[in-house]
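Welcome! Open your viewer, switch to a cartoon display, and get ready to select a few places in turn.

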Amino acid sequence: MSQKPFYITTTLPYVNAPLHLGHATEIIRADAIARAKKLQGFDVFFNTGTDEHGKKILESAQKAGVEVKEYVDEYARLYKETLEKFGVLKEDEGIHFIRTTDEKHIAFAKDFWNKCLQNGFIYKKNYKTKYCVGCEEEKTDSELVEGLCPEHRKAPEIIEEENYFFKFSGFGERLLKFYDENPEFITPNSRMNEMREFIKRGLHDFSISRLKSKMPWGIEVPGDGEHVMYVWFDALTDYLSTLDNEEGIEKYWNSGTPTQYCGKDNTRFQGVMWQAMLMAAGYQNTKQIVVNGFILGEGGVKMSKSLGNTIDPLELVAEYGTDALRYFVLREFHPFEDTAVSKEKLKESYNANLANGLGNLTSRIMKMAETNLSEPAKIPEWEDMSDYYNEFIIFNIKNASDLAWKKIGELDVKIQETEPFKLIKIDPEKAKKIMEELVIGLNSIRRMLSALMPETAEKIKNLIKENKAPETPLFLRKD
């Protein structure tokens with residue numbers, strides 16, 4: 001029997017800076033969903049990659065004093081290395097890595113452009129606008145604060161030239177109808193409501209090209225070598241170009257459940273602009289968009305290098321390990337809204353829930369098993385994990401994680417109440433039965449951790465199989 005296809009993608013980060021904690025959150029959450037679906041028997045296609053065109057990339061390369069292709073090649077390499085440190089699936093396990101400089105992507109982006117053009121949704125005109133290079137986005141006066149982009153604190157550039165435009169204004173009613181027919185299209189619902197209001201205020205056609213003489217780093221517009229595609233129009237098509245061909249699109253996009261993770265600052269692009277582009281080119285719409293909140297510094301202030309309140313995810317990996325970073329992201333951060341974090345809070349959580357919690361429980365149970373059980377406990381081949389997997393269906397990975405830690409708490413209580421390490425001297429058979437039950441319970445936790453903390457899950461699996469206590473703690477306490 002063929003496996004049911006499941007498709008999930010992250011947004012593609014720009015390759016002009018190392019990945020920050022927000023990137024890590026999006027990528028690790030998508031990876032956990034992908035792993036959970038694989039455990040349920042789905043044929044998973046997990047897409048991520050790098051967005052490598054646009055003025056911001058060009059200027060970053062020029063500032064670094066290197067050729068732009070050399071610049072993006074290096075950052076793409078670093079991105080792949082970083083993914084490994086985040087513990088995501090490997091290429092032979094279902095992950096697919098797309099670069100917007102890949103030949104297959106360039107060819108697909110041009111074909112997508114031509115479909116929109118042939119269907120009457122692209123035209124050319126002169127225009128003048130304010131443009132933030134940092135956001136790679138046009139800005140209206142109402143979006144500026146004292147004439148500056150509120151995100152980058154810089155005055156936008158004035159662009160005045162002839163560009164190609166996408167007929168975005170013609171999709172308002174179609175998009176609202178699509179939302180009505182798919183009320184759970186954007187999670188959480190509050191983001192869906194924001195996009196409804198955005199559409200109701202009126203959609204305006206947007207520029208989808210730049211003059212090559214002014215901004216040469218991009219994909220040439222088909223049939224017009226004087227223009228390159230606007231970076232967002234180019235990059236959004238990667239969700240389809242990564243699937244290689246029409247067969248892949250039919251299997252994973254049309255017949256699967258295409259799911260996109262993004263940050264809340266990308267919701268307009270993913271939930272409105274991209275959906276209109278799909279309609280224009282004649283493709284099916286995305287099935288689900290899941291929106292992350294921002295990761296804030298202590299006190300609820302958005303992280304920024306200038307404030308000195310950023311937390312580098314690779315520093316967390318170096319100090320605590322890959323699975324600890326995954327634990328922070330999947331259980332300690334709110335699944336949909338903003339989360340304020342600090343290094344001190346993360347350390348407290350690590351000590352309480354990993355070192356003293358999961359790690360200590362594993363050591364206690366497996367020490368009793370190694371000492372008192374002559375052979376490994378008999379693990380049931382199947383158990384009902386529907387409550388756990390149901391949380392992944394609604395993308396509440398925190399709740400799924402909480403179920404694992406609820407089980408950890410229950411086993412701790414069971415040890416305290418039954419004291420099998422004492423009972424073994426009085427009633428060996430009963431004590432051994434309790435110890436076997438504890439190992440089986442630990443295995444239930446291990447099964448849940450397989451999607452959340454795969455390295456730790458594998459370690460526990462081997463300990464149970466070998467009926468051994470860990471030689472060193474799974475998580476060393478941090479003082």
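## Stop 1: Paired strands

Select strand β4 (residues 122–132) and strand β6 (residues 157–166): they run antiparallel and are joined by ten bridges. Keep in mind as you go that this is a predicted model. To see one of those pairings up close, show K130, whose bridge partner in β6 is I158.

Pick out F166 here, and you will find its bridge partner, F206, in β8.

For a contrast in direction, select strand β2 (residues 43–50) together with β3. These strands pair in the parallel sense, over five bridges. Is β3 mostly covered or mostly uncovered? Strand β3 (residues 95–99) is mostly covered, with four of its five residues buried.

## Stop 2

Next, select β9, β10 and β11. In what order do the three strands lie? The order is β9-β11-β10, in an open sheet with antiparallel pairing. The edge strands, β9 (209–211) and β10 (220–221), each pair on one side only.

Zoom in on β9 and strand β11 (residues 224–229), which form three bridges in the antiparallel sense. Show R210 and look across to β11, where V228 stands opposite.

## Stop 3: Two helix pairs

A quick tip before the helices: two packed helices are described by the angle between their axes and the distance between the axes.

Start with helix α5 (residues 172–181) and helix α6 (residues 189–200). Their axes are 10 Å apart, and the helices pack at an angle of about 155°. Angles over 145 degrees count as roughly antiparallel, so that is the description for α5 and α6. α5 passes α6 in a left-handed crossing.

To see who meets whom, show G172, L175, L176, Y179 and D180 in α5, which meet M192, M195, R196, I199 and K200 in α6. Sorted by class, this contact of α5 with α6 has six nonpolar, one polar and three charged residues.

Now move along to helix α17 (residues 428–452) and helix α18 (residues 454–466). Here the axes come within 7 Å and cross at roughly 150°. α17 and α18 are therefore roughly antiparallel to each other too, and α17 passes α18 in a left-handed crossing.

On the α17 side, select V439, L442, N443, R446, L449, S450 and L452; on the α18 side, select P454, T456, A457, I460, K461 and I464 to complete the contact. By class, the contact of α17 with α18 has eight nonpolar, three polar and two charged residues.

## Stop 4

Time to look at the backbone itself. Most residues other than glycine have a negative phi, and most peptide bonds are trans.

Select T187 and P188. Which form does the peptide bond between T187 and P188 take, cis or trans? It is cis, with omega near 5°. P188 sits in the loop between β7 (186–187) and α6.

Then go to F395, in the loop between α14 (386–393) and α15 (397–418). F395 is not a glycine, yet its phi is positive, at about 65°. F395 is also buried, with a relative accessible area of 6%.

Another example is N467, in the segment after α18. Its phi is near 55°, again a positive value in a residue other than glycine. With a relative accessible area of 9%, N467 is buried.

## Stop 5

For the last stop, select G359 in helix α13 (residues 343–372). Is G359 buried or exposed? G359 counts as buried, at 4% relative accessibility.

G359 and F475 are 116 residues apart in sequence, but their C-alpha atoms are 5.7 Å apart in space. Leaving aside neighbours within four places in sequence, G359 is in contact with L354, L474 and F475.

Note on methods. Residues are numbered from 1 along each chain as its sequence is written. This is a predicted model: local features need pLDDT of at least 70, side-chain atom pairs count only at pLDDT 80 or more; totals for chains, interfaces and linings use all residues. Side-chain values use heavy atoms; hydrogens and water are left out. Two strands pair if DSSP finds at least two bridges between them. Helices (H or I, at least four residues) and strands (E, at least two) are DSSP runs, numbered from the N terminus. Axes are lines fitted to C-alpha atoms, for helices over the stretch in contact, and angles run from 0 to 180 degrees between N-to-C directions. Angles under 35 degrees count as roughly parallel, over 145 as roughly antiparallel, 65 to 115 as roughly perpendicular and the rest as oblique. A crossing is left-handed if the near helix is turned anticlockwise from the far one by less than a right angle, and right-handed if clockwise. Contact means heavy atoms within 4.5 Å. Ala, Val, Leu, Ile, Met, Phe, Trp, Tyr, Cys and Pro count as nonpolar, Asp, Glu, Lys and Arg as charged, and the others, Gly among them, as polar. Buried means under 20% relative accessible area, exposed over 50%, partly exposed in between (1.4 Å probe, protein chains only).
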